[in-house]
Amino acid sequence: MEPGHSVEVSQDALGAPAAPCAMVIFGAGGDLTKRMLAPAIYNLAKGKLLPEEFAIIGVSIEPFSTDEFRQRATKDIAEFAAGGVDLKSWEWLAKRLYYVSGDFHDPNLYNNLKETIAQVDKEQNTAGNCLFYLATSPEFFPIVVQHLGAAGLTKQDGTAWKRVVIEKPFGHDLPSAIALNKAVGEVLDEKQVYRIDHYLGKETVQNILAFRFANGIFEPVWNRRYVDHVQVTVAEELGVELRGGYYETAGALRDMVPNHIFQVITLCAMEPPISFDADAVHDEQTKILRAIQPFSPEKVLDQAVRGQYGEGIVAGKHLPAYRNEPQVARDSQTPTYVAMALHIDNWRWAGVPFYLRTGKRLPKRATQVVIQFRRPPFVPFRKTSVEKLAPNELVINIQPDEGISLKFEAKIPGSVVRLGAVNMSFQYSDYFGTTPSTGYETLIYDCMMGDPTLFQRADMVEASWTVVQPILDVWKALPPRDFPNYAAGSWGPEQADELLRREGREWRIPTSGNNSHPPAPPPTAKTTT
Ligand code: BG6
């Protein structure tokens, strides 16, 4: 395919329409539904990936009628669907919208829901299949699941399936994640549970698997013999915005690390699975999580860094400190930044540090993985020390500019031998065009198709919390004394730079924008042959 050739979302590109079903969204009046789920479902409808036999039943506390819910959804979609609304697709979807109002604690809600599901099944021929999506705040997860079970709504008869999608955060520490798994397991079979992590809906995250396992040339160098270290950066330019209430109970570690960042790391580090079946992939991801060297209290102090943003000035604009954001305590100890070094104790990765960092109010929004290779062992250019050559770097840009680039040394034209680092770069948009997408499309479609590969299994969630629990414990026991310790708009606290510097390394600053044709790099070394 030629660069610039764009691929439309179509049945051919993405597959056949999903199986008939009614999708029940708990929390239908909430932000997640408005901003992400509704636009994603609309995009699926537009791409003809929903079956004719489809319906959405919104559930929340607001006392709407079905008609009011449809009107509201029509208003919201106009605001949140990227790229404008195609009227025909929206009308197709709007007439499949239903609404049930009630309190999630109230058994009557579930009786009403049962009646509505039966009515919808008759009107839309949804074949008794039901996808329950819990887009609620996390305290409702066990309550809704328990009530669904008690009302007999999760019972699978004959070929009709019932599945439950549970949003993040799945627990707020290891004991609560275990308890939630237990509560869910009392009602549902593990195969009915889809624990969502929206990072797995991102194209470039999925592309890590294709990149590694559909190519022959990378896997042989993907190990301790050739890789010096790996960096994962998930930087956010925004602050906590209006989510202070939630964020105060979470903080950067819980919010980003055991979920999004560990998904990225496990896909980068895992062994080739024996197939792309969900269990085969999850087994390999879980092995990585279990191989992460446990954090002793000393190691937490030495290898994990926390930070909180103070006020800052960016492009002449004053940005408030985290402690001055809405719903945040004026003496808050909540970290908005985390960095750490992980070590994976297996034959492939022993001795190769995996550095990760994430934070709010950093200079730009950028998520990237950097695989930094070892320097050449010997360079046959006189007067050039090996340290002067830039090491090869493979950069996987997850967002905003999805792509992959490889940095290597080249001779700068001229009569004197001089070397410079150059980039070979692939941008998704050059080859495949861009289609408006929230990242949730693939995930919702996969649930409807019964493919749990991009979801988290119970043991994976617990293995992730097992890694971070000691850090939560030490940080709780030793409240930070230096918060706020980085300015809004900076790259985070000085200790995070120090974490790498003392090992002779440094964080790679994410580049943004199309860097297929970067400006000529400065020479790294002038040599005489
Ligand atoms: C969410 C976190 O899960 O991910 C947010 O709760 C964070 O705090 C968001 O901003 C980041 O997602 P994305 O897709 O914008 O990188």
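**Close-up views of a predicted model**

View A. Let's start at the ligand, where one of its oxygen atoms lies 2.5 Å from an N or O atom in the Asp255 side chain. Do keep in mind that this is a predicted model. Taken on its own, the ligand has 400 Å² of accessible area, and the protein covers 81% of that. The side chain of Lys168 also takes part, with an N or O atom 2.7 Å from a ligand oxygen. For Arg365, the corresponding distance from a side-chain N or O atom to a ligand oxygen is 3.3 Å.

View B. Among the residues surrounding the ligand are His198, Tyr199, Lys202, Glu236, Arg243, His260, Lys360 and Gln399.

**View C. Phe26 sits in the largest nonpolar core.** This core has 150 residues, and Phe26 and Leu113 are the ones with the most contacts inside it. Helix H9 (residues 244–269) supplies the largest share, 12 residues. Setting aside residues up to four places away in sequence, Phe26 touches Leu113 along with others including Val59, Phe104, Tyr110, Phe132 and Leu148. As a general reminder, nonpolar side chains tend to be buried together in soluble globular proteins.

**View D. Asn346 reaches backbone nitrogens from a loop.** Here we look at the loop between strand S12 (337–343) and strand S13 (353–359), where Asn346 is found. The Asn346 side chain reaches the backbone nitrogen of Trp349 at 2.9 Å and that of Arg348 at 3.2 Å.

Terms used
Residues numbered from 1 in each chain as written. Predicted model: local features only at pLDDT ≥ 70, side-chain atom pairs only at ≥ 80, totals over all residues. Heavy atoms only, no water. Core = buried A, V, L, I, M, F, W, Y, C linked by side-chain atoms within 4.5 Å. Buried < 20%, exposed > 50% of the residue type's maximum accessible area, 1.4 Å probe, protein only. Helix = DSSP H or I, 4+ residues; strand = E, 2+ residues; numbered from the N terminus. Contact = heavy atoms within 4.5 Å. Near = heavy atom within 4 Å. Polar contact = N/O pair within 3.5 Å; in protein donor to acceptor, adjacent residues only side chain to side chain. Areas by Shrake-Rupley, 256 points an atom, 1.4 Å probe, with all protein chains shown as cover.
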